[in-house]
Amino acid sequence: MNTNTVKISSSNLNLYYGSNHALKDVNLELYTNKITAFIGPSGCGKSTYLKTLNRMNDLVPNVKIEGEVLLDGENIYDQRVDTTLLRKKIGMVFQQPNPFPMSIYDNVAYGPRIHGIKNKSELDDIVEKSLKGAALWEEVSSRLKKSALGLSGGQQQRLCIARALAVEPEVLLMDEPTSALDPISTLKIEDLMDELKEKYTVAIVTHNMQQATRIADHTAFFLVGEIVEYAPTTELFTVPKDKRTEDYITGRFG
Amino acid sequence: MQPKTYSIFSGHGSKSGIERAAEVIFTICGFFAVLAVASISLYMLISGTPALFKVGILDILFGSTWMPTAASPSFGILYVILTSIIGTAMAILIGVPVGVMTAVFLAEVAPPKLTKIVRPAVELLAGIPSVIYGLLGILVLNPLMYKLELKIFAGSTTHQFTGGANLISAVLVLSLMILPTVINISETALRSVPQHLRSASLALGGTQIQTIFHVVIPAAKSGIVTAVVLGTGRAIGEAMAISLVSGSSVNIPLPFNSVRFLTTAIVSEMSYSSGLHKQVLFTIGLILFAFIMIINISLNNILKKGDAQHD
């Protein structure tokens, strides 16, 4: 699929933490069934931007957000938005694997349960499908009732992906999902992401530029709260238009 | 080459006198606590067991007639034991949900400004002497209970009127008294639940309330159980306040009966008892002591299990 359909678009998005202007006029479009990577030095606002997309920034005290983010044409900052519905549609995987201190099964079933699914066989199906979707089923199918905390870091992160998939989101936000993992686990998750974009729209924050080149269709380069450059990944890394992008990807700063 | 400045040998060996003295003092202090516990245990055993055998273990524990000063005295404390167990259990049933909900309010829901008012109030509650709780019970609870009693048992010929000094009053006072313990320990446990678990639940579309009940409280479970156990210990060991509001006569622990707890039995009779009667009171103390020990041991087991889970 080469045509780009817009799934999420943000226009003139500004975010302030108190008096700190953390995002400045961010205009960006995420395309359906594509992986978009956000790169940039620490503190450039890429994670902050990611969290504005499912309104997790609402939980930060003294935060002020201006502008709009359209999800399938609906502004997610509209007064009428129910954030629980929004977050059901836009799943998130965090930097540190954060499974709940309960069984593997209960972790994956958590989302469907809070959204009202009680039927045991239905839950069984969702759990199996989600774990398969996160390429974890083979490894854990025999110990679903064991604590999720007994899994390795890489497995825990794939469990968190499965947990996010279980509520059937349309968009998956990933905040440096492999930064706490070893290279082999990282590889597994990167392979997985390629499969995920078949069904989902994916946005990923990464510190690792090689990772962006390996997996992302589009890449946005953030610097002090602004998007310096946003282009198809190969273009951004081979013929960057902005001098600052070139400096960053060649390792001259950051 | 550096010149030799001073020798590292000293006249007093590897440690100075002050170091040694401090070690000795700390060791003595440590042993003092052990000594106190050991001697109390020993003393309770020595003074509490003779009556058990003189009267008969079954007669004491399962006898329901308490007439220690009659011509042919009877020392059955079944009702007293039952009162302590039922009274404590009911106080826990009321106090724990209220306490845990208050802790949830403080740790999860309350805006910081409100927390600043509620938390000092809870801490103050913990500092109020228990006799004051008793006075409050006499002033507020007992008259209320008496009105209820008059209504419920109007025209009854079998009910012995208590003036409101009954099991319910004692239970309510006890549940109020365990609140600070339950609230403080539960709140600490809730606050120690990592933020990323809350984020995970919210990011899945969970509401704040769902997150609290399905993630935060289960994650704080071992801390909350600790709170319940310590609350139980506080309730079962309390004497002063409930001796004022419970009427203190030995009866079946029914809501509107005047009742006597293990603790209040000792408090109210020790001053005039003698001989076997006095020995039985020590046996009551021993039973109370056994209850407290069981509670503490189960607490230790819970804490150990909690630690094992984290490994």
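Predicted model: local features only at pLDDT ≥ 70, side-chain atom pairs only at ≥ 80, totals over all residues.
## Basis

Local features require pLDDT of at least 70 and side-chain atom pairs pLDDT 80 or more, whereas totals for chains, interfaces and linings use all residues. Residues are numbered from 1 along each chain as its sequence is written, chains are lettered from A and ligands numbered from 1 in the order in which they are written, and side-chain values use heavy atoms, without hydrogens and water.

## Cavity

There is one cavity of 30 Å³ or more; a cavity is a set of points, on a 1 Å grid over the protein atoms alone, where a 1.4 Å probe fits but cannot get out. The largest cavity holds about 50 Å³, a volume being the space filled by probe spheres set on the points, which are joined across faces, edges and corners.

Its lining (residues with an atom within 4 Å of a point) includes A:Phe94, A:Arg163 and B:Leu204. Two or more lining residues come from each of strand E6 (90–93) and helix H6 (153–165) of chain A and helix H7 (195–203) of chain B. Helices (H or I, at least four residues) and strands (E, at least two) are DSSP runs, numbered from the N terminus. H6(A) contributes the most, with three residues.

## Chain B

Chain B contains 12 helices and two strands. Its radius of gyration, taken over C-alpha atoms, is 26 Å, well over the 19 Å given by the globule rule for 311 residues, so chain B is more spread out than a compact globule; that rule is 2.2 Å times the number of residues to the power 0.38. The C-alpha trace of chain B spans about 105 × 60 × 35 Å along its principal axes.

Terms used
1 Å grid on protein atoms, 1.4 Å probe; cavity = no way out; pocket = protein on both sides within 12 Å on 5 of 7 lines; lining within 4 Å.
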